[in-house]
Amino acid sequence: MLTTVSGWLWNPLAYFALGLGVFFTLLTKGVQFRRLPDMIRQLRSGKSGDSGLSSFQTLALTLSSRVGVGSIAGVATAVAAGGPGAIFWMAVTGLVGSTCAYAEAVLAQVYKRRVQGEDRGGMPYYIKYGLRAPRVAGLMAILGIGVYGFVLPGIQVNNIGSSAELAFGVQPWVTGLVVTAVLAFVIVGGTRRIVNMAQAVVPIMALGYVLTCAVIIAMHLDEVPHAAGVIVSSAMGTDQVFGGLVGHAVAWGVRRAVFASSTGLGEGTFASAAAQTSHPGKQGIVQAFSIYIDVLLICMMTGLTIVITGAYNVKEPSGGFLVENVPGVVAGPNFMQEAIDTGLPGWGASFVAVAILLFAFTTQVFYFYAATTNLMFLFGEQGNRFMEFALKLGALAISFIGAVVSAETMWAAGDIVLALIGWLNMTCVLLLTPVVRKVIRDYDRQRREGVDPVFDPERLDIGNAEYWVVKKTTKSEPGQAGQLT
């Protein structure tokens, strides 16, 4: 039943997300391509302060969410359901969908607030202050607390538990206890400990994963042209074997790209709002770049490794298998384990288990940060100690429970709540298009004039941007854009 409901919500949502990405690509005149040099420059120049984070720190925090089990298991399930062509449509979604991440980040910056001494913002904030829809914002915050605090973390630890059991024979309940203990240590330390963990672990785990995939691809270098041909022809519906799955390839490619990168789902908005920057457009291009890293690098490396080694099965829509290269192997991390074993025998299970541990755990930590931001939105500066304690307790409880319950149940439940948030968030972002247009035009104008862009919401006739109005009337330390003195 959960799977059926999930399908009803996600099938049209996937196309909505793709269409929204195309729309913002046209609106911003391809900002994800035009401003690529600015992306790199911003990551190098941004600085952090007492209340906010640097651009690199927010990128690491965002990637801790984007680079999760979807980058491994999500790609594998897309291939199993839609054939190799799904990988092509994942790439397309990443290219155009990165502008959704841009728009979300811009709005998160414009409407962020200073709460309990920290820069906080995200979906509920721009819905309340941008759309002036406080009730809808309250609903989004409640959904956010539920999904990030009590549902999605269970998916991550479930994958950690299953991969650890396969690789090392460790019982899921033991894995659940260990992960829960480590999570407790991180979240008790507050935002700074969460950010420090993200910026230390994320670059290492991403680099290690990409290098391992590169080694396997290099070992099968002569198969790359054929694999690329199969991916493209399958996506276009011209492949003799997979041509009939073109509809499934589009649907599953878009769906898993959205799930893996959270394009349009608003997850990146919470980290985006915490960045200290002089203009929302700067953080927008940083978030667009995060989609490149996740979908166009990590997901594509996963997909190419699986296809080039032939370590996949493709289901027949009417039942059975269209192709069964690895009989008995379930779609998910096991595809990647089989692929790595073709080049490094005996290494696949252990490597994928460790990769999923790092990917999933950093995502789990980010979810707590997102849930806390939603809680702050509801209770403001006063806070609510009881609810804060309940959130910590709930996050730790689902961290253990998620390790021992059915994986299918956790995935289906997670898909449903994510789809609800996706529909609500993308609709709100679309309604706030005029604000996004004003920000990108202002950023482009200042860059043409050769100056470092500085945001002035009053000049652009953008209301309710309280943080920036206060900042404008308060002196900032040189080089510390966004840090109040």
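What you're looking at is a predicted model. The protein chain holds 21 helices and 4 strands. Its radius of gyration comes out at 22 Å, close to the 23 Å the globule rule gives for 485 residues, so the chain is as compact as a globular protein of that length. If you box up the C-alpha atoms along the principal axes, you get roughly 65 × 50 × 40 Å.

Start with helix α1, which runs over residues 2-27. Its 26 residues reach 36 Å from the first C-alpha to the last, close to the 38 Å expected at 1.5 Å a residue. Where does α1 bend? Look at W10: the helix bends there by about 25°, and a proline, P12, follows within four residues. Just after α1, check the backbone at K29, which takes a positive phi of about 55°.

Now move along to helix α6 (residues 85-110) and helix α15 (residues 280-309). These two pack with their axes 7 Å apart, at an angle of about 155°. Angles over 145 degrees count as roughly antiparallel, so that's how α6 sits relative to α15. What kinds of residues make up the contact of α6 with α15? They split into 20 nonpolar and 8 polar, with no charged ones. As for handedness, α6 passes α15 in a right-handed crossing.

For another pair, pick out helix α10 (residues 172-188) and helix α17 (residues 348-379). Their axes come within 11 Å and cross at roughly 45°. That angle makes α10 oblique to α17. Here, too, the handedness can be read off: α10 passes α17 in a right-handed crossing.

Definitions and conventions
Residues numbered from 1 in each chain as written. Predicted model: local features only at pLDDT ≥ 70, side-chain atom pairs only at ≥ 80, totals over all residues. Heavy atoms only, no water. Expected span 1.5 Å × (residues − 1). Bend = angle between axes of the 7 residues up to and from the residue. Axes fitted to C-alpha atoms, helices over the stretch in contact; angles between N-to-C directions. Parallel < 35°, antiparallel > 145°, perpendicular 65-115°, else oblique. Left-handed = near helix turned anticlockwise from the far one by under 90°. Nonpolar A, V, L, I, M, F, W, Y, C, P; charged D, E, K, R; others polar. Rg over C-alpha atoms; globule rule 2.2 N^0.38 Å.
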